[in-house]
Structure formats: C-alpha cells, structure tokens
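Here is a briefing on one protein chain. Please look over the sequence and the model before reading the points below.

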Amino acid sequence: METVRAVELAARLLLALVFVAAVVGKLRTRAGFAEFVGSVGQFGVPARWASPVARLAVAAEAAVVALLAVPATAPAGLVLAAGLLGVLTAAIVGALRRGARPACRCFGAADAPIGARHVARNLALTVVALLGLSGWATAGPSLLPAAALLAAGVAVPLAAVVVRLDDLVALFAPASPRATRPAGRS
C-alpha cells in the first residue's frame, strides 16, 4: 500500500512540475506568449481562434497544477492532465500527418520542431497520470516520510528530463556529416 501511495504522489508531483514549467515558460514574457499563440495556428487552429485556444490551453495547464496540489482534488487534476495530454498529442499527430513541423512551444521559447519524441513524451505523461489515478484509487491515507522523499526523488529529476527533452536530444544527437568536415573540403 505504501508503494502505491508513493507512486501516486510521484505521479502528481511529476505532472505538477511539468505543467508549472509549461505555464511559466509560456507566460514568462509577452513575446514568449505571442510566439506560443503563433504556434497554435500552425497546429491547424484557425487564426481567429489561435489566441483563445492558447489562453484556454494555459488555463487548463494551470488548473492541472492547482488541482494536483490539493489531495482532495488530485483525481480531477490527474483526469484533466490525461485529457489535456490526449488533446495535445492529437494536435501534434495531426500536424505531423499534414507534414507540418511547427516549433514545440510546450515550455515557452524552444524552437525545436515537433516530432515523434513529443508524441512519445505526451503518451508517457498520460501513462503517468493514469498510474497516479489508479494509485490514488487504491492508496491509503498516510505516507511515511521516507516514501514521500523517494517519490520526490524520482519525480523531480524526471520532470527536469521531460522539460529539457529537446535540449537533451540536441546535446546527444550525432553531429551531421557537414558539420564535421574540415573547412575547404567538399
């Protein structure tokens, strides 16, 4: 029972951190939010709806954080997180199927084009939300401090990996052959 409760707490913390980073990244500057609004149109949303849809997305992300922060509303936060991730994943898949590769503005000003890794990331986060929900449904009321510390010790670094995924991929991606050729050679 303690393990199930720790999984539920780790899921809530991981998702809350990821969604906080998403909200802060988009709202940190006016220019950053404007870029996010611009990217929404590239996912097939008509231009006149881009700003309202962007505002709704940020509000939904903030609602996830608020709901996950309170134990009594955590199940609603987990359900909202899974649903929002499903919608965002569908938007990414739709754009990829149309051949569009807009920048992923998931966490603000990043300019990496969307790809399969963003679909995989969102699907993994959806699984985390569902695990948290199943853990919440079966968990007992108390959690030992050591289990809570373990949950945080797992959630925090995983959230950092999720948020910085594009940077990590760029860091470890093999260099292109053009970039490694000495100057002056063809």
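What percentage of the 186 residues of the chain count as buried? The share is 37%, where buried means under 20% relative accessible area, exposed means over 50%, and partly exposed lies in between (1.4 Å probe, protein chains only). This is a predicted model, in which local features need pLDDT of at least 70, side-chain atom pairs count only at pLDDT 80 or more, and totals for chains, interfaces and linings use all residues. Residues are numbered from 1 along each chain as its sequence is written, and side-chain values use heavy atoms, with hydrogens and water left out.

**Overall fold**

- The chain has eight helices and zero strands. Helices (H or I, at least four residues) and strands (E, at least two) are DSSP runs, numbered from the N terminus.
- From the N terminus on, the order of elements is α-α-α-α-α-α-α-α.
- The C-alpha trace spans about 65 × 45 × 30 Å along its principal axes.
- Among contacts (heavy atoms within 4.5 Å) with a separation of 6 or more, 68% join residues 24 or more positions apart.

**Nonpolar cores**

- A nonpolar core is a set of buried Ala, Val, Leu, Ile, Met, Phe, Trp, Tyr and Cys residues joined through side-chain atoms within 4.5 Å.
- The largest core holds 30 residues. Leu14, Leu15, Val18, Phe19 and Leu125 have the most contacts inside it.
- Helices H1 (2–27), H3 (47–69), H4 (74–97), H5 (116–138) and H6 (145–163) each give two or more residues to this core.
- A second, separate core has nine residues, including Val23, Phe33, Val40 and Ala50.
- Leu125 touches Leu14, Leu15, Val18, Leu85 and Val162, leaving out residues up to four places away in sequence.
- In soluble globular proteins, nonpolar side chains tend to be buried together.

- Rings of Phe, Tyr and Trp (its six-membered ring) pair if their centres lie within 6.5 Å; planes under 30 degrees apart count as stacked, over 60 as edge-to-face and the rest as tilted.
- The partners are Phe33 and Phe36, with ring centres 6.2 Å apart and planes at 50°, so the pair is tilted.
- Phe33 and Phe36 are three residues apart in helix H2 (residues 30–41), which separates them by about one helical turn.
- Phe33 is buried at 14% relative accessible area. Phe36 is buried at 9%.
- The charged end of Lys26 sits over the ring of Phe36, 4.9 Å from its centre. The test for this asks for NZ of Lys or CZ of Arg within 6 Å of the ring centre and within 35 degrees of the ring normal.

- H3 has 23 residues and reaches 34 Å from first C-alpha to last, close to the 33 Å expected at 1.5 Å a residue. The expected span is 1.5 Å times one less than the number of residues.
- The buried residues of H3 include Ala50, Ala54, Glu61 and Leu68. The buried residues of H3 pack against H1, H2 and H4.
- H4 has 24 residues and reaches 34 Å, close to the 34 Å expected.
- Among the buried residues of H4 are Ala74, Pro75, Gly77, Leu85, Thr89 and Ile92.
- Just after H4, Gly99 takes a positive phi of about 85°.

**Individual sites**

- Asn122 is in helix H5. Asn122 is buried, at 3% relative accessibility.
- Leaving aside neighbours within four places in sequence, Asn122 contacts Leu85, Leu88, Thr89 and Ile92.
- Pro102 lies in the loop between H4 and H5. Pro102 is buried, with a relative accessible area of 5%.
- Pro102 touches Gln42, Phe43, Ala95, Ala112, Pro113 and Ile114, not counting residues up to four places away in sequence.
- Arg164 is in the loop between H6 and helix H7 (165–172). At 47% relative accessibility, Arg164 is partly exposed.
- The C-alpha atoms of Arg164 and Ala110 are separated by 9.6 Å, with the two residues 54 residues apart along the chain.
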